Amino acid sequence: SPDKWIDEGEFYENGKLKNGKKTFPDNNFMEGEFYENGKLKNGKKEFLSGFIDIGEFNNNGNMKKGIKHHPNGWIEEGEFYENGKLKNGRIIQNNGWKIEGEFNNSGKKNGYCLVRHDTIGNKDGYYINGKLLWKKY
């Protein structure tokens, strides 16, 4: 039916996709290895909106470890919290900023981070909930 997705590949005994490709009616898709609950375990999610996630996923379907490409040009790479927010790794923003370090489960810089821009300069330092506590000189 047009409101249902199409599964192609190898299946679990419960009928859920094990390995293969899941294509949705809007042509968004996921491909790779799946959990028995039908969520992507390892592989790629691609959305027509421009989001592309590649890597390992939690059994809730959120990114666990890998790389996320956003439609605005942002890239997040590293380990992610259960909620899909970056835990530690790096972010490359479309405005030239590159951030590497630790983040809280809201996605804000939390801990020591390298914050660099080729023309503006550096804001390396220790952050708590996105606020710079002290800067490295």
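Is K98 buried, partly exposed or exposed? K98 counts as partly exposed, because its relative accessibility is 38%. The scale behind that: buried is under 20% relative accessible area, exposed is over 50%, and partly exposed lies in between (1.4 Å probe, protein chains only).

Two notes before moving on. This is a predicted model, where local features need pLDDT of at least 70, side-chain atom pairs count only at pLDDT 80 or more, and totals for chains, interfaces and linings use all residues. Residues are numbered from 1 along each chain as its sequence is written, and side-chain values use heavy atoms, with hydrogens and water left out.

**Stop one: K98 and D118.** The term requires a side-chain nitrogen of Lys or Arg within 4 Å of a carboxyl oxygen of Asp or Glu. K98 is in strand 9 (residues 98–103) and D118 is in the loop between strand 10 (109–117) and strand 11 (121–122), so the pair ties together parts 20 residues apart in sequence. Strands here are DSSP runs (E, at least two residues), numbered from the N terminus. D118 is exposed, because its relative accessible area is 70%.

**Stop two: R90 and E77.** Select both side chains. They meet in a salt bridge at 2.9 Å, N to O. R90 belongs to strand 8 and E77 to strand 7, so this pair links parts that are 13 residues apart in sequence. R90 is partly exposed, with a relative accessible area of 36%. E77 also counts as partly exposed, at 29% relative accessibility.

**Stop three: D124 and R116.** The closest N and O atoms of their salt bridge are 2.5 Å apart. D124 is buried, because its relative accessible area is 7%. R116 is partly exposed, at 36%. How many salt bridges does a search of the whole structure find? It finds seven.

**Last stop: K85.** Where is K85? Look in the loop between strand 7 (75–80) and strand 8 (86–92). K85 counts as partly exposed, because its relative accessibility is 38%. Now select what K85 touches, not counting residues up to four places away in sequence: F80, N105, S106 and G107. Contact means heavy atoms within 4.5 Å. Finish with a distance label between the C-alpha atoms of K85 and S106. They are separated by 6.6 Å, although the two residues are 21 residues apart along the chain.

Methods: Helices (H or I, at least four residues) and strands (E, at least two) are DSSP runs, numbered from the N terminus.
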